[in-house]
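Here is a short report on one structure, written for someone who likes cut-offs spelled out. Please keep the model open beside the text as you read.

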Amino acid sequence: MKNLAIALLLSLAGGLLFTALQIPLPWLLGPMTAAFLGTRFPKLVQPRWPGSIRDVALILIGYSIGLSFSSHTLREMGHQLPTMLLMTTLLLVASTAIGFAVSKLTGISFPTVLMGSIPGGMNQMLVLAEETKGIDITVVTFLQVSRLMMIIFCVPLLVFSPVFGGAHSQDLLPTEAAARWGDLFPNVLVFGVVCFAAAWLAKRVRFPSAYLLGPMIATAVVQGLGLDGPALPTGVLNAAQLMIGTYVGLLLRPEKLENKLRLVTLAALSGAALLGIALGLCAMLTVLHPVSPMTAFLSMSPGGMDQMGIIAHEVRADIAIVTSYQIFRTWFIYFAIPPLIRLLFKRLEKRAALASAQKS
C-alpha cells in the first residue's frame, strides 16, 4: 500500500504539473513521466501500480469508445476493410525492415529485435518472446515499451501542433464537455454491469485486449438495442488516463540493459522512423477515403489502441474509425503474426545450422 500510495502521489504531481504547463494530455503524459522518473531512484522510492488498476481504466476507455459506434460507422468500417489490410501490411513490413537495421547496428539477434519492433500487440509479443528459445526478453520489453512511450509522447505533440491545425482540448464536442455526474444515472448502472461482465467474459475466452474490446463491443450492442449510454465526466476520463499513464511509465527499466546508450539511441531513431512512416500512410489514407488528416494519423499511429482512443477523444477525431484501424492491427498481430514469426524463426535456424555444417 505504501508503494502504491507513492505511485499515486507521483502521478498526481505529474498530472498537475503538466496541466499547469499546458502540455497536451496532461493526465496521461504527466503521470507516465512522473512514474518513470520515480523508478530512477529505487533506494528512495519504489512505486508500484497493479495491472488490475490499469484494467479498470481500460474498461472505462472501452465504454467511452463504444459510445461512438453507430450503424453508419459500422458500414464505413466494412467499406474500409481492404484498406485496413493494406495499411497494416505496409506498417508491419516497414517495422520488420527497421528491426533488421537495428539488429545489424546493435549485433542483437534479428528474432529478438523483430519481436521488439512489431507495433501494437505488446502483450502478445512478450508472451511469444517468453515461449521462444534464444529470445532476450529484457530487450524485447525495452524496445516495445520505449516505442510505446515515445509514440504516446510524440503523437499528442504532433496532433496539437500546427501540422494538424493546432487542436486544443477545449475543442471537445458540446455533449462531451457538458457531461455531468448527475447525467450518469440511472443508465450508467446498467452499462457498468454490462461492461464489467463483458470484460470478465472476454478475459475468460482469451479475447485480445479483453478489458478494452469487451466493454467497447458490449456498449455498442446495448446502444444499438436502444439504451443510450451517458458520456463520462472529464474527471473520470482524467482518472482513467492517470491509471494507464502510471502503468506504462513503470514498465520501462533501461538499467537492466547492456549497451544502454546505443540501444536507447537506436530505439528512439526506430520510433521516429515508424512515426514518419505513419505520416506517409496517413497521407495515403486521406486520398483513399474521406477522413480528416487527424483521424488518418491516429489510425496509422503505431501506439496502443487505448492511448490513440484517448487522443482521438480529446481532439474530436473520428473515434470509431481510429479504433477500427487499431483493432484490426491488434487482431492481425494477435492471430497472424505469431505463426508467421515461428515459421520465419524455423527457417533462420535451418539456415544457421546449414551454414554451420558447411563451415565444419
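This is a predicted model: local features need pLDDT of at least 70, side-chain atom pairs count only at pLDDT 80 or more; totals for chains, interfaces and linings use all residues.

Residues are numbered from 1 along each chain as its sequence is written, and side-chain values use heavy atoms, with hydrogens and water left out.

**Helix 11**

Helices here are DSSP runs of H or I with at least four residues, numbered from the N terminus. Helix 11 takes in residues 210–224, and its end C-alpha atoms are 21 Å apart, which agrees with the 21 Å that its 15 residues should span at 1.5 Å a residue. That expected span is 1.5 Å times one less than the number of residues. Buried means under 20% relative accessible area, exposed over 50%, and partly exposed in between, with a 1.4 Å probe and protein chains only. Among the buried residues of helix 11 are L212, L213, M216 and V222. The cover over its buried residues includes helix 3 (51–66), helix 10 (187–204), helix 15 (305–315) and helix 16 (319–335), where contact means heavy atoms within 4.5 Å. Just after helix 11, G226 has a positive phi of about 115 degrees.

**Aromatic rings**

Rings of Phe, Tyr and Trp (its six-membered ring) pair if their centres lie within 6.5 Å; planes under 30 degrees apart count as stacked, over 60 as edge-to-face and the rest as tilted. The structure has three such pairs, and two of them are shown here:

| Pair | Centre to centre | Plane angle | Class |
|---|---|---|---|
| F100 and F110 | 5.8 Å | 75 degrees | edge-to-face |
| F328 and F332 | 6.4 Å | 20 degrees | stacked |

F100 belongs to helix 5 (residues 81–106) and F110 to helix 6 (residues 110–117), so their pair ties together parts ten residues apart in sequence. F100 is partly exposed at 45% relative accessible area, whereas F110 is buried at 15%. F328 and F332 both sit in helix 16, four residues apart, about one turn of the helix.

**Cavities**

On a 1 Å grid over the protein atoms alone, a cavity is a set of points where a 1.4 Å probe fits but cannot get out, and lining residues have an atom within 4 Å of a point. The largest cavity has a volume of about 100 Å³, a volume being the space filled by probe spheres set on the points. Its lining includes S95, R147 and L274. Helix 13 gives the largest share of that lining, four residues.

Terms used
Helices (H or I, at least four residues) and strands (E, at least two) are DSSP runs, numbered from the N terminus. On a 1 Å grid over the protein atoms alone, a cavity is a set of points where a 1.4 Å probe fits but cannot get out, and a pocket is an open set with protein on both sides within 12 Å along at least five of seven lines; lining residues have an atom within 4 Å of a point.
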